[in-house]
Amino acid sequence: MRHLITGVAGFVGSQLADVLLAAGDDVAGVDDFSLGKREHLATARQNPRFRFVEADISDTGRAVAAFRELAGETAPDIIWHLAANSDIAAGVADPSIDFTRTLSTTFATIEGAKAIGARAIAFSSTSAVYGEADKLLTEDVGPLLPISSYGAAKLASEALLSAAAESALDRIWIFRFPNVIGPRSTHGALHDFAGRLAGRPTALRVLGDGSQTKPYLHVAELIEAMRFIVAHAGEHRSLFNIGPQSEGTRVSFMAQAMIDRMAPGTPIAYTGGDRGWVGDVPRFNYSVDKLAALGWRPKLTSDEAVARAADDIAAGFAAETVR
């Protein structure tokens, strides 16, 4: 197969590229390195079946030009649209970040797909589109009332793709991610804790009271789930929550996991309150029954995913220290 990945140098995009290349497929990618890192492409660049263009695809003209250069005379079988702002707190401080990096890149990706004749897009959405709700979060629940510009831009992107599926696209897949963790992460609780602990603080500062509980999925299992959905979901518009089948993991567990690996004995200093920042959803009841019915289940619980990711991240910081 021929794939085009937006945000290919990012946390998820770069690892998806590596997996697809290892499977023998052709991969083209675009990134502007606003969040992605050049070193994330080290493995992919060694493969002759990988092509890359550096471009800011929040600009439609640049996106179309980049897609045309990457596609050549043959349109990709699928576009994996992963380019987006993934830092919720940054979008709260400056909502234009979500408009530019998430909603604008989605519009431009659709226009780029039209320009090269690509007819299928898989999109990385988020559980944040649901907002703060007491009900079980199934794919058909509504109304959807996000409480962050991050969630709002992702929900608007879903709508743009749904509309495009009526005229310009044969297939769309929308993945509503949980909290994704693992190597190559650029932010998030585990990554932030590791960064603070690397400075050997007298105490680890943790936002909130530590009781925030959310589902966490290791990036390797996320990629496995995305590929499974694309291969097995036959709807014109496919929409799936992706996540662990366990209830989730407390922030206090995550903080202690990083302390145990990087600075044993460091005390935790909680800032207090039931959430980390404005727009943070402290807990939710996330259903993955639809994906299980399709035939895919993760092997790791949320706590097990956190433990594995804590190992990954601690090892990454140790390697950086050695260099």
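Phe175 counts as buried, at 0% relative accessibility (buried means under 20% relative accessible area with a 1.4 Å probe, protein chains only). The model here is predicted, so local features need pLDDT of at least 70 and side-chain atom pairs count only at pLDDT 80 or more, while totals for chains, interfaces and linings use all residues. Residues are numbered from 1 along each chain as its sequence is written, and side-chain values use heavy atoms, with hydrogens and water left out.

**Ring pairs**

- There are 3 aromatic pairs in the structure; rings of Phe, Tyr and Trp (its six-membered ring) pair if their centres lie within 6.5 Å.
- One of them is Trp80 with Phe175: the centres are 6.4 Å apart and the planes sit at 25 degrees, so this pair is stacked (planes under 30 degrees apart).
- That pair links distant parts of the chain, with Trp80 in strand β4 (residues 78-81) and Phe175 in strand β6 (residues 171-177), 95 residues apart; strands are DSSP runs of E, at least two residues, and helices are runs of H or I, at least four, numbered from the N terminus.
- Trp80 is buried too, with a relative accessible area of 2%.
- Tyr130 and Tyr286 have ring centres 6.5 Å apart and planes at 75 degrees, so they go edge-to-face (over 60 degrees).
- Tyr130 sits in the loop between β5 (120-126) and α6 (149-164), and Tyr286 in the loop between β13 (268-270) and α10 (289-294), so the pair ties together parts 156 residues apart in sequence.
- Both Tyr130 and Tyr286 are buried.

**Charges over rings**

- Arg38 puts its charged end over the ring of Phe33, 4.0 Å from the centre; the cut-off is NZ of Lys or CZ of Arg within 6 Å of the ring centre and within 35 degrees of the ring normal.
- Lys290 does likewise with Phe240, its charged end 4.6 Å from the ring centre.

**The sheet**

- An open sheet is formed by 7 strands, in the order β3-β2-β1-β4-β5-β6-β11, with parallel pairing; two strands pair if DSSP finds at least two bridges between them.
- At the edges are β3 (50-54) and β11 (237-241), each pairing on one side only.
- From one strand to the next, the twist averages 15 degrees (axes are lines fitted to C-alpha atoms, for helices over the stretch in contact, and angles run from 0 to 180 degrees between N-to-C directions).
- Parallel strands β6 and β11 are joined by 5 bridges, and Ile174 has Leu239 in β11 as its bridge partner.

**Helices on the sheet**

- Helix α5 (residues 96-116) lies across β1 (2-6), β4 and β5, at about 170 degrees to β4; contact means heavy atoms within 4.5 Å.

Definitions and conventions: Buried means under 20% relative accessible area, exposed over 50%, partly exposed in between (1.4 Å probe, protein chains only).
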